[in-house]
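Let's walk through this structure together, one part at a time. Have the sequence and the 3D view ready as you read.

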Amino acid sequence: MAKEISDVAAGGYAPRRGAVNVPKYEGFHVRENQWGYNPVSLNIPQAKDSGFLGALDRASARFDHMVAKVQAEQDDARVTAAITDLRRHATDLEAGESGWRKLLQANALEPDDQGRGLVERVDADMRSYGDKIGEKLTGRQRAAFNRHAMNVYQSVYGGVSTHVANQGMEYQKGVYTSAIDYEIEAAAVNGYKPDLLADGESRLTENVDKLASLLGIPQDQRENFRRKYTSNLYANAIDGVMSNAGPNPSVGFQALGLLRKHSSKMLGSDVNRLRRTIDVAVKEAQAQGTEDKFKAEHSGYTLMQNGGEVRRILSEQGVSIPANTGDAAALEDFTVGVIHGLGKLQTDTSEVTHDGKNFSARSRYGASNVSLENAYELDKNVDPKRLLDDKAYNIEMGVKVYTDHLRQFAGDKQAAFAAYYSSPQEVKAAQKEAEEDTEGASWFDRLPKNVQEKVAKSMHALEAYSSTGAKGADGKSVNSFTPAAFRSQPTWMTPNQIEQWLLEKDPRARTDPSYRHFVFGRLVAEQNREQAEFKQRQENLLAYVTDTMYANGGDPSSVDPKTWAQLTRKQQTDALAIAEKLQRGEDTTDPAVASLYANDDQLRAVSLDGLKMLRPHYSGRDFAVLQTRWFKVQSEGRTAQEKQELARRAGIQGQVLPEFVPASSKVKQAMLAVPALAKLKDKDKDGTSFNNAVQTFMSAIAIEGQISGAAITDEPRVMQAVGRMTNGLGGADPGKLVTLFGTKASQLPDDGLTDVRSISKTIAKDRYGHEPSDLEIMNVAREIVMNRSPNVDVSKIVFDEAFAQKVRKDFREIKGRDPVGAEFLRAYFLARCSSETADRQEGFSVIRDEGY
């Protein structure tokens, strides 16, 4: 081994402290430098490799690799976290609470205050956020982050750009679609306006074409695309028209016209759907038109006072009743007034002027005495020779002319006959002269004498024809029974007659069996309905007439002529028989009728008005028993609520039910607690007025209980009811109260039009629709005084204004306000029945609102 160099003098180097010992070799030596030893000679001896330096190098390399790996992993982690943060921010910008995905259509296209669009704003936001992230990274990390972030930027940029493009398209599509929808909706109200509908179609087509271009629809498909929308437009227009088909099915014709005009622009499915709906409406409209025509021509039935007499008169002419004369009542008037009235019972040609071919317009023909002038004015095709030779044609034309004149003169028979015997122009001229004449001569006096004579004969014939010979209670003839006051028992068409009429009048019925059966059923049902209504109406009328005559001792003159005018002849005959029975003082019960209605099932089937019609067949006492039984059998098997409703209805109609009537002893006791009524009892010598008052209070309390749903029969409530009804009677004159509860209306306070009797009569006349009887006048006066007439129209009543002011003043001092409506009327009546105005201590009543 080389020896360690330790001798400096021998030519070696003294080693530095801490330096490596380098052996001394012969020849060139190595020289120490600051980095180690460099050879100073090319002949360097090779030292034996110890392996340490290699191990050290390898360890150093491994360490460097490990450090680099750790550093790389740390960089990757930081960059990944940064990219994740960037992506999370991108997600928030897209789908967050205010994300760009939520900006739709116009909102996505709206620039900000700096004029930047959505794409630019989002891109700037992303890059700004990425820069902030990069500031926290090392250079190496930032470089890696920027490389990866670029992909994120590009992805977000692309997504926002696509969104904006899509929303721009959707926005424009929405603009076009909204315009199209508007036109379609507007069509629903423009179905009746062709010009507006055409303008709407033009605008719709323009917007549909723009929408097709936007959507990229090929040209060869655009016609079908356009048809879809135009079909919707016209379907909506037709549906708008048809929306009124319920109340007015005739709009189906308008809808059908629209469909026929525009069906080529519509989808087949829409056309078929609309046609089915329209056909139903058109069918209904045609049926209604036929039904209306049926009503107009027949009114459901024909009316004559005495069809047999008309047939007899016409049979003497060798003809039957014409089939197509229109108004049957006009035919009757004509037959009696002209044919029978003038005594022309044969074909008379004495007034026909002609030369065999040319007939005079003034010529008159046959039994109808019709002039060619009047006939020609109605029918330009009239045949003069047929008027001479054909009796049936002659009379049929005469009836048509008279009916037309009757229409022209608003039902005035005298004027219609005058026009028939002269001409409508001549009668109208006479009427005009009479209006302008200050001397007052009538239009009738201005007609030719021969016309006046014929009219007089016709009117006298009608008067005699309709006379019944009825007499009033004073034994004098009742002259109110004029021809206008009579009707007949209706004769209704048979189903075969209805079907024949339908085939004759409705062309569709002749070719469409389904339609014919549909309309035929409706016509039959309509006539059945009219029959039922007529029957019910006539029962009501006869019940009213019967009640009126019972209330007036059988005096037929007490019945208003207008009411008589609505009765059939049979009903009038029955009513007059009742009048005669009452005038004779008979009050007996018909055993046959009583036996029939002794059966509860028979009685249960009778209506309330039908019950009233049985009154003539029972004595007063027996009828009261019958009424009690009727209400009893009606209430059997009903629920408590139904019974209550039945009682309420009876109360409203003034029918008193026994179970609601309080004991007379309780009512008398309550009445005697009222000073004025106690004085009434003392003043009433024979007790008639007081007993009437008791009965009146009992009925009033019963009806009040029926209407309210609870019987007023216990003593406290009876006292309260009487108190309500007599509130304010304290100052009443007992003598006047005696007359109030008496039997004669003439004894009521009567000092002219402003007193109790006249006012009660006015109200009764308005209520009953006819001249009221004494009983009706008395009932009205009692109701007002007893606080049971809250719904009176005082505007038709004449008051003594000075007295009325005094009544209002007293009411105001007590109540602190002015009286209203029936409150004032009652206070006025109480004052009229008193020596002074009503007693302040008892005050005035307040009208209650229980509905009666």
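The buried residues of helix α3 are covered by several parts of the chain, including α1 (52-95), α2 (106-109) and α4 (139-187). Helices here are DSSP runs of H or I with at least four residues, strands are runs of E with at least two, and both are numbered from the N terminus. This is a predicted model, in which local features need a pLDDT of at least 70, side-chain atom pairs count only at pLDDT 80 or more, and totals for chains, interfaces and linings use all residues. Residues are numbered from 1 along each chain as its sequence is written, and side-chain values use heavy atoms, with hydrogens and water left out.

Which residues of α3 are buried? They are Leu118, Val119, Val122, Met126, Gly130, Ile133 and Gly134. Because these cover an arc of only 135 degrees around the axis, they lie on the same side of α3; the arc is taken from the directions from the helix axis to the C-beta atoms. An α-helix has 3.6 residues a turn, so residues three or four places apart point the same way. On the face turned away from the buried side of α3 you will find the exposed residues Asp131 and Lys132. Buried means under 20% relative accessible area, exposed over 50%, and partly exposed in between, using a 1.4 Å probe and protein chains only.

Now turn to the nonpolar cores. Such a core is a set of buried Ala, Val, Leu, Ile, Met, Phe, Trp, Tyr and Cys residues joined through side-chain atoms within 4.5 Å. The largest one has 47 residues, and Met671, Phe697 and Phe829 have the most contacts inside it. Leaving aside residues up to four places away in sequence, Phe829 touches Val756, Ile759, Ser760, Ala781, Ile784 and Val785, where a contact means heavy atoms within 4.5 Å. A second, separate core has 41 residues, among them Ile313, Ala415, Ala434 and Leu447.

Stepping back, the chain has 35 helices and six strands. Of its 852 residues, 41% are buried.

How far can you trust the picture? The chain averages a pLDDT of 77, and 79% of the residues score at least 70; pLDDT is the predictor's confidence in each residue, from 0 to 100. Confidence is highest in helix α6 (residues 222-242), at a mean of 91, and lowest in strand β3 (residues 301-302), at 44. Over residues 1-20 the pLDDT is below 50, and residues 836-852 also have a pLDDT below 50. Where pLDDT is low, the predicted coordinates should not be read in detail.
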